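Trainee: Hi, I'm new to this one. Could you show it to me and take my questions as they come?

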Amino acid sequence: MNRDKMIQIIRKCAGFLMKAESVFSVLGSVVLLAAVLIAVVCRYWLYIATPWADELARYLFLWIAFVGMGYVTQINGHIDVQLVDTIVYKHSKNPEKTMKFVIRVSQVLSLVVLVVSTVLYGQFMLARYPSVSTTLRIPMRIPYLSTFVGLLLMCLHELSLLFLPVSDPMGMKED
């Protein structure tokens with residue numbers, strides 16, 4: 001398999017994963033909005049307690065945030081510090097090549113940290129939390145699974161970025 005074909009396959013897989021993450025985030029946000037609306041209306045207008053709506057909103061927010069981490073990883077939307085860029089462009093003879101190297105090293109280091117974090121969190125999660133939530137009566141592993149899924153998605157996206165061109169990972173720039 002040639003390099004261009006492999007890059008296209010990785011881009012399609014990353015694009016599919018991003019689409020699934022964005023659909024989940026939008027649908028989760030709609031349900032989150034509905035749960036918060038129900039909680040507010042019931043609490044302040046109907047004077048009825050709805051602890052299930054508060055709990056549902058809290059857990060949905062966790063899932064949306066952690067699933068969104070993977071999406072943001074792929075589009076390089078996390079907060080970055082421009083210090084390294086500034087130093088490289090100021091002091092390097094070939095700043096573009098040096099920056100590509102720095103980016104690849106940071107991707108590898110990020111992937112190592114993410115894989116270790118995912119494994120450790122998975123072990124931690126499986127060893128604990130046999131309890132159920134207070135109101136919804138769902139296993140607490142479901143809310144805590146959001147962190148594991150978010151870390152796993154970040155690992156997948158970071159891995160795909162390692163194989164894609166640094167300058168245009170998703171093939172969005174026109175030549």
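This is a predicted model: local features need pLDDT of at least 70, side-chain atom pairs count only at pLDDT 80 or more; totals for chains, interfaces and linings use all residues.

Trainee: Let's take helix 1. How far apart are its ends?

Mentor: The end C-alpha atoms of helix 1 (residues 3-44) are 60 Å apart, which agrees with the 62 Å that its 42 residues should span at 1.5 Å a residue. The expected span is 1.5 Å times one less than the number of residues. Helices here are DSSP runs of H or I with at least four residues, strands are E runs of at least two, and both are numbered from the N terminus.

Trainee: OK, M6. Buried, exposed or partly exposed?

Mentor: M6, which is in helix 1, counts as partly exposed because its relative accessibility is 31%. Setting aside neighbours within four places in sequence, M6 is in contact with M1 and F163.

Trainee: How far apart are M6 and F163 in sequence and in space?

Mentor: They're 157 residues apart in sequence, with 8.6 Å from C-alpha to C-alpha. Now take A49 and M6: those two are 43 residues apart along the chain, and their C-alpha atoms are separated by 54 Å. A49 is in the loop between helix 1 and helix 2, and counts as exposed because its relative accessible area is 69%.

Trainee: What about the phi of Y47?

Mentor: Y47 isn't a glycine, yet its phi is positive, about 55°. Most residues other than glycine have a negative phi. Y47 also sits in the loop between helix 1 and helix 2, and is exposed because its relative accessibility is 72%. R137 is another non-glycine with a positive phi, near 60°. R137 is in the loop between helix 4 and helix 5 and counts as exposed because its relative accessible area is 54%.

Trainee: Switching to packing. How do helix 4 and helix 5 cross?

Mentor: The axes of helix 4 (residues 95-127) and helix 5 (residues 141-163) come within 9 Å and cross at roughly 155°. That makes helix 4 roughly antiparallel to helix 5. Axes are lines fitted to C-alpha atoms, for helices over the stretch in contact, and angles run from 0 to 180 degrees between N-to-C directions. Under 35 degrees counts as roughly parallel, over 145 as roughly antiparallel, 65 to 115 as roughly perpendicular, and the rest as oblique.

Trainee: And helix 2 with helix 5, parallel or antiparallel?

Mentor: Helix 2 and helix 5 pack at about 5°, with axes 7 Å apart, and are therefore roughly parallel. Their contact has 15 nonpolar, eight polar and one charged residues. Ala, Val, Leu, Ile, Met, Phe, Trp, Tyr, Cys and Pro count as nonpolar, Asp, Glu, Lys and Arg as charged, and the others, Gly among them, as polar.

Trainee: What covers the buried residues of helix 5?

Mentor: Their cover includes helix 1, helix 2 and helix 4. The buried residues include P143, G150, M154, H157 and L161.

Trainee: Which residues make the contact between helix 3 and helix 4?

Mentor: Helix 3 (residues 83-91) and helix 4 pack at about 145°, with axes 9 Å apart. On helix 3 the contact uses V84, D85, V88 and Y89, and on helix 4 P95, E96, T98, M99 and V102. By class that contact has six nonpolar, one polar and two charged residues.

Trainee: Last one: what does Y59 touch?

Mentor: Beyond residues up to four places away in sequence, Y59 touches S133, L136, I138, M140 and P143. Y59 lies in helix 2 and counts as buried because its relative accessible area is 12%.

Methods. Residues are numbered from 1 along each chain as its sequence is written. Side-chain values use heavy atoms; hydrogens and water are left out. Buried means under 20% relative accessible area, exposed over 50%, partly exposed in between (1.4 Å probe, protein chains only). Contact means heavy atoms within 4.5 Å.
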